[in-house]
Amino acid sequence: MIFKNPAMRLTISLVLIMVNFLFFANMIGFIPNRSESVMEVRKGMGESLALMFSAAAEEGEFQIIQMILRSTVEQNEDVRSAAIRTKDGKLIALVGEHLANWRKATDGKSTPTHISIPLFMNNKEWATMEICFTPLWADSLAGGFKNSFMGLMGFMSFCCFIFFWFLMKRSLRELDPSAVIPDRVQRAFDVLQEGVLILDEKEYIVMANQSFAQLLGKTPGEMVGMKGSELGWLDCQTQKQLQALPWFKIINGKQTLTSGSMRLRNNAGNEIKLAVNASAVGGETGKNRGALVTFDDITQLEENNFQLNTMVGQLKEANEDIRQKSKKLKILASCDPMTLCLNRRVLGEKFAVLFNRAKSKNTQLCCLMADIDFFKKVNDNYGHSTGDEVIKMVANTLKTNTRKTDLVGRYGGEEFVVVFPGLSMDKVVSIAERIRQSIEKKVCEGVKVTLSQGISSIEFNAGKPDDLIDQADKALYAAKESGRNRVI
């Protein structure tokens with residue numbers, strides 16, 4: 001399968017061409033043989049020394065021979081040891097560990113590391129100069145390979161393969177005929193206001209329109225060949241997050257993806273939010289060949305929505321504030337501010353509704369008029385603030401002992417009116433007695449008071465609400481005249 005890859009086939013072809021050129025260059029002598037060069041140098045050194053030693057021997061300067069031999073060994077790192085051996089085997093000059101290093105060839109010929117050269121005196125051979133050199137390279141397969149033509153060829157093949165492989169992958173990515181977008185198609189996409197990307201099955205960008213490129217401050221051509229995941233998406237740091245990108249889902253088999261959103265940081269460092277839609281790009285066989293992805297910049301829309309939500313929240317708070325204030329205003333408009341009982345106006349309106357309903361349906365309706373006994377003395381003896389507390393206490397007692405459907409109103413000063421819809425006279429008298437006894441037992445600001453009450457019912461033929469109140473008021477007057485602190 002690997003040899004079906006166009007990049008691999010081209011890479012191998014280029015490497016084989018390079019290897020053939022190296023073989024040809026070696027055949028015609030363009031690549032020097034290092035071992036032959038070294039051998040020539042060693043041969044020349046030996047011949048030069050042999051000429052000098054032969055001349056010195058004829059002059060009898062054996063001390064000079066010893067000195068030159070020592071200097072040659074010490075100054076030349078390539079020479080391990082050297083010696084001059086007479087024909088009878090006697091050593092007359094020795095430098096270095098020659099006895100340990102020297103190995104005489106069985107055929108008497110010199111080798112690359114052991115050179116033997118005859119010395120002449122008076123045209124007769126009188127001695128032999130022996131020189132022991134270091135090996136041409138390390139005594140290992142790796143060392144021999146490294147310093148050979150095969151080593152050069154192996155190194156060049158490996159390096160060129162790596163270089164050609166990456167070069168071909170990059171070139172084919174941009175020059176693949178199947179990925180070429182015609183100019184007319186590019187121009188058509190550039191007209192669109194929304195950003196468009198076309199990616200291949202390996203998520204490489206093969207086309208980007210002008211709108212999307214401008215988001216990143218690039219040109220469409222600069223984006224071709226980049227990976228879609230390399231564009232600076234936020235919250236896409238882990239492999240799991242990268243695999244969740246829309247085009248990966250499309251490439252892995254999903255046909256369409258709508259209503260997604262992504263965040264991107266452009267080259268100016270600003271964060272932008274994009275609405276994303278993606279669909280598959282099919283090949284001739286029906287297999288997904290890539291993905292077409294569209295982007296709408298919704299950064300401003302998101303900001304507007306945020307501001308709108310903020311304004312809606314503020315409006316809700318304002319409405320709630322208005323509602324609370326309206327509630328307070330309604331209470332102030334309908335209630336007595338000190339006792340929070342119904343004021344006289346609202347009491348009259350609500351009483352009229354209950355009265356008319358009782359008349360039309362022939363149901364029970366009673367009215368109670370209450371007055372605090374000797375209230376003027378409370379104000380005179382204890383002050384008006386104490387008098388106000390006493391009025392509040394009586395009002396609270398009345399509200400506590402009545403129903404929510406009953407009307408409790410402050411009629412004026414220390415007088416109260418209570419309307420009981422649907423209750424008989426006997427039941428209202430019982431409630432009134434309970435209220436009277438409760439107030440009689442209480443002490444308010446060190447003061448004890450009593451309550452006189454008068455009750456009337458719609459049964460006594462009142463023609464209107466005021467008639468019923470007048471009847472209750474007459475009963476209250478009778479209660480006061482008969483000794484107060486009672487119910488009449």
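**Sheet, helix packing and cysteines in a predicted model**

Gly412 has Glu415 of E12 as its bridge partner. The model is predicted, so that local features require pLDDT of at least 70 and side-chain atom pairs count only at pLDDT 80 or more, whereas totals for chains, interfaces and linings use all residues. Residues are numbered from 1 along each chain as its sequence is written, and side-chain values use heavy atoms, with hydrogens and water left out. Helices (H or I, at least four residues) and strands (E, at least two) are DSSP runs, numbered from the N terminus.

Strand E11 and strand E12 (residues 415-421) run antiparallel and are joined by five bridges; two strands are taken to pair if DSSP finds at least two bridges between them. Strands of a sheet pair through backbone hydrogen bonds, in either a parallel or an antiparallel manner. Here, four strands form an open sheet with antiparallel pairing, in the order E11-E12-E10-E13. Strand E11 (407-412) and E13 are the edge strands, each pairing on one side only. From one strand to the next, the twist averages 20°.

Two helices are placed against these strands. Helix H16 packs on the sheet, where it touches strand E10 (365-372), E12 and E13, and its direction makes about 170° with that of E13. Helix H17 lies across E10, E11, E12 and E13 and runs at about 140° to E13. Contact denotes heavy atoms within 4.5 Å. Axes are lines fitted to C-alpha atoms, for helices over the stretch in contact, and angles run from 0 to 180 degrees between N-to-C directions.

Two packed helices are described by the angle between their axes and the distance between the axes. Helix H13 (residues 344-361) packs with H17 at an angle of about 100°, the axes being 9 Å apart. The two helices H13 and H17 are therefore roughly perpendicular; angles under 35 degrees count as roughly parallel, over 145 as roughly antiparallel, 65 to 115 as roughly perpendicular and the rest as oblique. In this contact, Phe351, Ala352 and Phe355 of H13 meet Pro465, Leu468 and Ile469 of H17. By class, the H13 contact with H17 contains six nonpolar, no polar and no charged residues. In this classification, Ala, Val, Leu, Ile, Met, Phe, Trp, Tyr, Cys and Pro count as nonpolar, Asp, Glu, Lys and Arg as charged, and the others, Gly among them, as polar.

For helix H14 (residues 375-382) and helix H15 (residues 384-400), the packing angle is about 140° and the axes are 7 Å apart. H14 and H15 are therefore oblique to each other. Phe375, Val378, Asn379 and Tyr382 of H14 make the contact with His384, Thr386, Gly387, Val390 and Ile391 of H15. Five nonpolar, four polar and no charged residues take part in the contact of H14 with H15.

A positive phi of about 55° is found at Glu445, which is not a glycine. Glu445 lies in the loop between helix H16 (425-441) and strand E13 (451-457), and it counts as exposed at 53% relative accessibility. Buried means under 20% relative accessible area, exposed over 50%, and partly exposed in between (1.4 Å probe, protein chains only).

Zero disulfides, defined as pairs of cysteine sulfur atoms within 2.5 Å, are found in a search of the whole structure. Cys160 is in no disulfide, and the nearest cysteine sulfur, that of Cys159, is 6.9 Å away. Cys160 is buried, with a relative accessible area of 15%.
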